2 protein chains.
Amino acid sequence: MRTRIAVLASGNGSNLRALFRFFGEGAPLADAEIAFVASNRSESGALALARERRVATAVITGGEDDAPVLAALLDQHRIDLIVLAGYLRLVPAAVARAFRGRIMNIHPALLPAFGGPGMYGERVHHAVIAAGVRVSGATVHFVDEIYDHGACIAQWPVPVYAGDTAATLALRVLRVEHLLLPRAVHAVATGSVQLDETGRVTGSFPSPDPAAAYALLAREDADIARDITRLLSR
Amino acid sequence: MRTRIAVLASGNGSNLRALFRFFGEGAPLADAEIAFVASNRSESGALALARERRVATAVITGGEDDAPVLAALLDQHRIDLIVLAGYLRLVPAAVARAFRGRIMNIHPALLPAFGGPGMYGERVHHAVIAAGVRVSGATVHFVDEIYDHGACIAQWPVPVYAGDTAATLALRVLRVEHLLLPRAVHAVATGSVQLDETGRVTGSFPSPDPAAAYALLAREDADIARDITRLLSR
């Protein structure tokens with residue numbers, strides 16, 4: 001049985017594209033598929049991308065009152081795993097509880113630093129630059145009912161350079177997000193990483209090694225270059 | 001004129017040894033020297049090491065009431081720059097103010113995460129392991145009157161592996177500390193990194209790149225291996 005994945009996104013969908021690239025396109029991985037995409041923004045690039053791929057979509061309001069509709073949609077599409085890929089709202093508490101250990105998020109910094117309410121999108125990178133730190137990164141974590149709070153699945157570091165702006169840092173972190181998220185989703189989808197009863201992550205995620213992350217970052221990747229170009233031209 | 005450095009340390013002095021190795025031993029760097037070492041622990045390995053090298057030493061109480069004695073000692077030894085290398089006490093506020101931009105500390109995590117009062121030594125690594133994060137590291141920062149608060153000079157990341165304990169993580173971070181601290185001290189001592197009037201760090205520190213940090217970590221280094229052996233046998 002394939003793990004059926006729902007992706008929730010608010011933005012232009014570059015992380016969704018990275019997921020499609022990893023799980024589909026010609027040689028789909030046998031063990032997981034993206035079965036449903038929802039957004040709180042009807043004009044989200046993520047929805048357009050899902051429609052192109054003939055994946056079911058929905059527009060949701062993005063509030064706590066989404067709970068019954070979202071639960072019904074997830075049921076209808078027989079969703080096993082929810083991935084928040086640049087989803088800028090809090091998932092309804094009832095949904096987070098029902099999907100405990102089967103709902104995950106990517107955050108564009110090294111949690112527990114630079115997370116929490118109001119810390120999303122460009123705001124994260126502005127805060128990192130303002131704090132003057134020299135290392136940031138990306139974090140994939142299980143979702144609970146508190147913003148950016150759940151147990152950590154994977155993190156990869158990214159250097160912050162002296163001349164960086166929030167925009168240049170965002171692009172560097174985004175490249176790591178595109179590499180990290182699909183691999184972390186695959187690890188959870190296939191059960192090689194799990195959330196245990198005590199709230200600890202068990203199992204292992206392949207290569208949290210920064211050197212490996214950097215080797216991947218250095219690799220030419222036309223699709224990632226295209227994503228970055230699109231993001232810059234928003 | 002050589003920059004005269006004072007080192008304050010509470011522990012076994014492995015970071016002091018890394019500083020001696022960088023700034024002295026046969027081919028001393030012309031622009032800086034370690035001129036004075038103080039500790040709040042009379043049995044500190046750092047003091048023994050300094051005596052071996054015939055560097056002036058003192059035992060201080062490690063409290064706010066150190067201020068007049070410490071100020072007099074720093075004056076007597078014509079100190080330009082203070083380095084806290086595993087110093088587990090807060091420097092007296094008057095000294096921190098007088099040396100603004102000329103006093104720096106190393107912390108065994110990626111600040112602003114896992115810092116603040118009570119977060120020192122092994123406690124830091126216990127907290128990192130308990131939090132389940134996958135990236136930690138070392139931070140060198142200017143010191144102000146608040147624990148682990150001053151502007152960041154340099155950070156290098158270190159992976160946290162699934163099987164890590166506080167002890168195994170401490171050793172991995174310590175290797176980065178030994179590489180990072182002397183280079184950051186040299187950058188401040190020579191004026192290539194400075195704290196400006198607004199509290200921002202200006203200038204550039206060479207290579208905060210995680211890939212470079214990892215390349216250095218992978219290198220065989222007999223002295224670092226010896227430090228680690230000593231630390232394990234404490």
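**View 1. No disulfides turn up anywhere in this predicted model.** Searching the whole structure gives zero disulfides over all chains, a disulfide being a pair of cysteine sulfur atoms within 2.5 Å. Cys152(A) is buried at a relative accessible area of 7%, and Cys152(B) is buried with 7% as well. Here buried means under 20% relative accessible area, exposed over 50%, and partly exposed in between (1.4 Å probe, protein chains only). This is a predicted model, where local features need pLDDT of at least 70, side-chain atom pairs count only at pLDDT 80 or more, and totals for chains, interfaces and linings use all residues. Residues are numbered from 1 along each chain as its sequence is written, chains are lettered from A and ligands numbered from 1 in the order in which they are written, and side-chain values use heavy atoms, with hydrogens and water left out.

**View 2. Phe22(A) and Phe23(A) make an edge-to-face pair.** The count over all chains comes to two aromatic pairs. In chain A, the ring centres of Phe22(A) and Phe23(A) sit 5.2 Å apart with the planes at 70°, so the pair is edge-to-face. Chain B has an edge-to-face pair too, Phe22(B) with Phe23(B), at 5.2 Å centre to centre and 70° between the planes. (Rings of Phe, Tyr and Trp, the last by its six-membered ring, pair if their centres lie within 6.5 Å; planes under 30 degrees apart are stacked, over 60 edge-to-face, and the rest tilted.) Phe22(A) is partly exposed at 25%, while Phe23(A) is buried at 4%. Over in chain B, Phe22(B) is partly exposed at 25% and Phe23(B) is buried at 4%.

View 3. Helices (H or I, at least four residues) and strands (E, at least two) are DSSP runs, numbered from the N terminus. After H3(A) comes Arg78(A), with a positive phi near 50°.

View 4. The structure holds eight salt bridges over all chains, each a side-chain nitrogen of Lys or Arg within 4 Å of a carboxyl oxygen of Asp or Glu. One of them joins Arg2(A) to Glu33(A), with the closest N and O atoms 3.4 Å apart. Arg2(A) is in the segment before E1 and Glu33(A) in strand E2, so this pair ties together parts of chain A that are 31 residues apart in sequence. Glu33(A) also meets Arg4(A), at 3.6 Å from N to O. Arg4(A) is buried at 17%, whereas Arg2(A) is partly exposed at 31% and Glu33(A) partly exposed at 23%.

**View 5. Arg41(A) sits in a loop.** The loop is the one between E2 and helix H2 (45-52) of chain A. Arg41(A) is partly exposed at 31%. Leaving aside neighbours within four places in sequence, Arg41(A) is in contact with Ser10(A), Gly11(A) and Leu47(A). Arg41(A) and Val59(A) are 18 residues apart in sequence and 6.7 Å apart from C-alpha to C-alpha.

Definitions and conventions
Contact means heavy atoms within 4.5 Å.
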